[in-house]
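Subject: Structure handover

Hello,

Here is the structure I promised, with my notes on side-chain pairings below it. Please open it alongside the text.

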Amino acid sequence: MPKKLPKGVRQICFREKTGFWGNSEQICGCGNRAYEDKAGRFYGIRVLQSDSRDAEENLSVEEELTEQAERGVLCLLFWQNEDCVVIGRHQDPEAECCLDAAESMGIQIVRRRTGGGAVFQDPGNLNVSFIAYADSLDEAICEEILLKALEKCGVDACKTGRNDLVLKDAGPEISGMKTVESVKEEEDFRREESSGEGGKFSGSASRETPEGIFLFHATLMFDVDLDRMTAVLNASPAKLARHRIASVRSRVTNLCDRYPDLKMETVMGAIISEGAEMLTDAK
């Protein structure tokens with residue numbers, strides 16, 4: 001157990017060898033599989049949720065939980081923000097955002113400690129953070145958990161590029177074509193031959209601390225206000241041209257547009273359940 005849960009954070013459930021504690025039955029039914037207490041494996045999964053909707057507070061909570069990571073325990077943190085733009089560690093706010101529009105609309109701009117691009121968030125977006133020692137967790141495991149959880153919920157999705165999840169049926173197929181420029185700029189970029197409706201609903205970023213703690217966080221767009229997103233985010237013309245996409249908005253979609261009956265709570269439960277299934281044998 002962390003020394004003290006950050007203010008505004010509540011524990012949904014904790015699972016170890018003898019089962020679950022808390023209100024886990026409200027959102028998942030993961031069974032009673034035992035966890036082994038040894039290096040590279042988990043003996044427990046702690047599921048937390050932040051009641052704050054302030055982006056700066058939630059990023060601080062995430063950092064505090066990262067500092068308090070427990071050996072052998074995966075921490076899952078679910079959180080939502082009021083309207084904000086979260087920029088990457090090295091990004092220039094003036095280049096990524098229309099600052100005048102953000103100010104006039106009351107949209108908060110905050111910086112996270114991971115890399116990656118700028119993202120617009122509102123209560124229609126769900127954030128999920130995975131926190132554990134790096135010898136038990138990595139980016140590929142987290143992405144697999146998300147994709148398998150979404151599959152359990154009937155969402156047909158796949159990974160593309162470095163850190164995006166997209167709907168498989170969102171228009172033209174994603175090819176494996178690479179260019180010299182894309183390899184140089186994005187290392188493993190896969191060109192999306194897109195025109196019209198987009199399919200991206202999730203982005204992610206990660207980092208490892210000097211103490212060997214791994215943090216991975218991802219966004220899941222359920223019902224984000226795309227008009228406000230478009231008004232506040234600036235897009236690189238070169239990047240959009242490279243992707244053959246007309247605008248930021250044309251690249252993304254809300255899950256509720258394709259799956260109107262899908263609920264956040266259902267996906268949360270599936271993520272917890274899939275994490276419990278997979279991470280017993282992680283690495």
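Which side chain does Glu144 meet in a salt bridge? Lys148, at 3.4 Å from N to O. One caution before the rest: this is a predicted model.

Glu144 and Lys148 sit four residues apart in helix H4, so about one helical turn separates them. Glu144 is partly exposed, with a relative accessible area of 35%. Lys148 also counts as partly exposed, at 35% relative accessibility.

That pair is not alone. Searching the whole structure gives 13 salt bridges. Here are some of the others.

Glu143 and Lys159
Their side chains form a salt bridge of 3.1 Å, N to O. Glu143 belongs to helix H4 (residues 139-152) and Lys159 to strand S9 (residues 157-160), so the bridge ties together parts 16 residues apart in sequence. Glu143 is buried, at a relative accessible area of 8%. Lys159 is partly exposed, at 28%.

Asp164 and Lys200
The closest N and O atoms of this salt bridge are 3.2 Å apart. Asp164 has a relative accessible area of 12%, under the 20% cut-off, so Asp164 counts as buried. Lys200 is buried too, at 18% relative accessibility.

Glu63, Arg113 and Arg207
Salt bridges link these three residues in a network. Glu63 is located in helix H1 (residues 55-67). Glu63 is buried, with 12% relative accessible area. Setting aside neighbours within four places in sequence, Glu63 is in contact with Arg113, Arg207 and Leu215.

Now the rings. How many aromatic pairs does a search of the whole structure find? One. Phe130 and Phe216 form that pair, edge-to-face, at 5.8 Å centre to centre and with 70 degrees between the planes. The pair links distant parts of the chain. Phe130 lies in strand S8 (residues 125-133), Phe216 in strand S12 (residues 213-221), and the two are 86 residues apart. Both Phe130 and Phe216 are buried.

One more ring to look at: Tyr133. Arg71 lies over the face of Tyr133, 3.9 Å from the ring centre.

Over to you.

Best wishes

How values were computed. Residues are numbered from 1 along each chain as its sequence is written. This is a predicted model: local features need pLDDT of at least 70, side-chain atom pairs count only at pLDDT 80 or more; totals for chains, interfaces and linings use all residues. Side-chain values use heavy atoms; hydrogens and water are left out. Rings of Phe, Tyr and Trp (its six-membered ring) pair if their centres lie within 6.5 Å; planes under 30 degrees apart count as stacked, over 60 as edge-to-face and the rest as tilted. Buried means under 20% relative accessible area, exposed over 50%, partly exposed in between (1.4 Å probe, protein chains only). A charge sits over a ring if NZ of Lys or CZ of Arg is within 6 Å of the ring centre and within 35 degrees of the ring normal. Contact means heavy atoms within 4.5 Å. A salt bridge is a side-chain nitrogen of Lys or Arg within 4 Å of a carboxyl oxygen of Asp or Glu.
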